[in-house]
Amino acid sequence: MLGNPRRVEHIMGFPISIDVRATTSPLGPAVDRAFDWLREVDARFSPFREDSEVSRLNRAELSPAELSDDFLEVLAVCRRYEERSGGAFSVRLPGRGLDPCAVVKGWAVQRAAEALMDAGARRFCVNAGGDVVAAGGPWRVGVRHPDRIDQLCAVLAVEDAAVATSGRYERGDHILDGRTGAPATGLRSITVVADTLTIADTTATAAFALGADGPEWAAAQPGCEVFAVTEGNRVFRSENLPLA
């Protein structure tokens, strides 16, 4: 097995790190391609970039027939979670254009992780602002305390899995309930463990939007385990949550 250096870049508004511990071949070019992919996704899907596909669609400069296959794949994930959550998860909020950011980060990082595995990575971790794809564990993933930035409220032990957390402690009331358009209430944070970061990240966001009903809903999603802290500081843990 060959070792590879760790690397961090700031993309999509947060630090993204790739930490490869074991691989069957030198992985430097594959890591370069992974970061190139993440920069490309940021350029194509950011609603804050005037020339992105998202901004051009919102200005009606692109028709649905002109959308890329990647864009259509992201929209399919969005529609699936809008339906599953009864509209609490939504990327088309009143008064706003389409904003698929709630899906794009997890989807893009998962694709980057799969490319690393295809290139020979066997034990690695991709960490995107605290949301993680881990392979070849064991890996220990900390869940931040919603009040205390220097403390954890749980530590997870994962082998080959993804972990994502939604909460208001980093970005305030940025998750809205699509049924009302108002900031979601009922939870302080929710963490989801799943096979992919596309599922973990989108499920965590949808569950947070659902509020107090979110933890039970997320735990009922196929392959998902859940840790949540409610606004009343009650803790919810699904039965098979992989605690360290």
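Helices and strands here are DSSP runs, numbered from the N terminus. This numbering is used for the predicted model described below, and it places N233 in the loop between β9 (225-230) and β10 (235-237).

The chain as a whole comes first. Its secondary structure amounts to six helices and ten strands. The radius of gyration is 18 Å, close to the 18 Å given by the globule rule for 244 residues, so the chain is as compact as a globular protein of that length. Along the principal axes, the C-alpha atoms fill a box of roughly 50 × 45 × 30 Å. Of contacts between residues at least 6 apart in sequence, 57% join residues at least 24 apart.

The surface and the charges can be described next. The chain exposes about 11600 Å², and carbon and sulfur atoms supply 48% of that area. There are 27 positive and 34 negative side chains, and the centres of these two sets lie 3 Å apart.

Now the interior. Buried residues account for 51% of the 244 residues. The largest nonpolar core has 65 residues, and within this core L38 and L116 touch the most other members. Apart from its neighbours within four places in sequence, L38 is in contact with I11, M12, I16, A108, V109 and A112. There is also a second, separate core of 15 residues, which includes V132, V158, V193 and V229.

A charged residue is found in the interior too. E53 counts as a negative side chain and lies in helix α2 (residues 53-58). E53 is buried because its relative accessible area is 12%, and the cut-off for buried is under 20%. With residues up to four places away in sequence not counted, E53 touches R44, L62, L67, S68 and F71.

Some features of the backbone are found in loops. The loop between α2 and α3 (69-84) contains A60. Phi of A60 is near 65°, a positive value in a residue other than glycine. A60 is exposed, since its relative accessible area is 65% and the cut-off for exposed is over 50%.

N233 has a relative accessibility of 49%, so it counts as partly exposed.

A further loop feature involves a proline. P138 lies in the loop between β4 (131-135) and β5 (139-144). The peptide bond that joins G137 and P138 is cis, with omega at about 20°.

Technical notes: Residues are numbered from 1 along each chain as its sequence is written. This is a predicted model: local features need pLDDT of at least 70, side-chain atom pairs count only at pLDDT 80 or more; totals for chains, interfaces and linings use all residues. Side-chain values use heavy atoms; hydrogens and water are left out. A nonpolar core is a set of buried Ala, Val, Leu, Ile, Met, Phe, Trp, Tyr and Cys residues joined through side-chain atoms within 4.5 Å. Buried means under 20% relative accessible area, exposed over 50%, partly exposed in between (1.4 Å probe, protein chains only). Contact means heavy atoms within 4.5 Å. Helices (H or I, at least four residues) and strands (E, at least two) are DSSP runs, numbered from the N terminus. The radius of gyration is taken over C-alpha atoms; the globule rule is 2.2 Å times the number of residues to the power 0.38. Accessible areas come from the Shrake-Rupley method with a 1.4 Å probe; for residues, only the protein chains shown count as cover. The place of a charge is taken as NZ of Lys, CZ of Arg, CG of Asp or CD of Glu.
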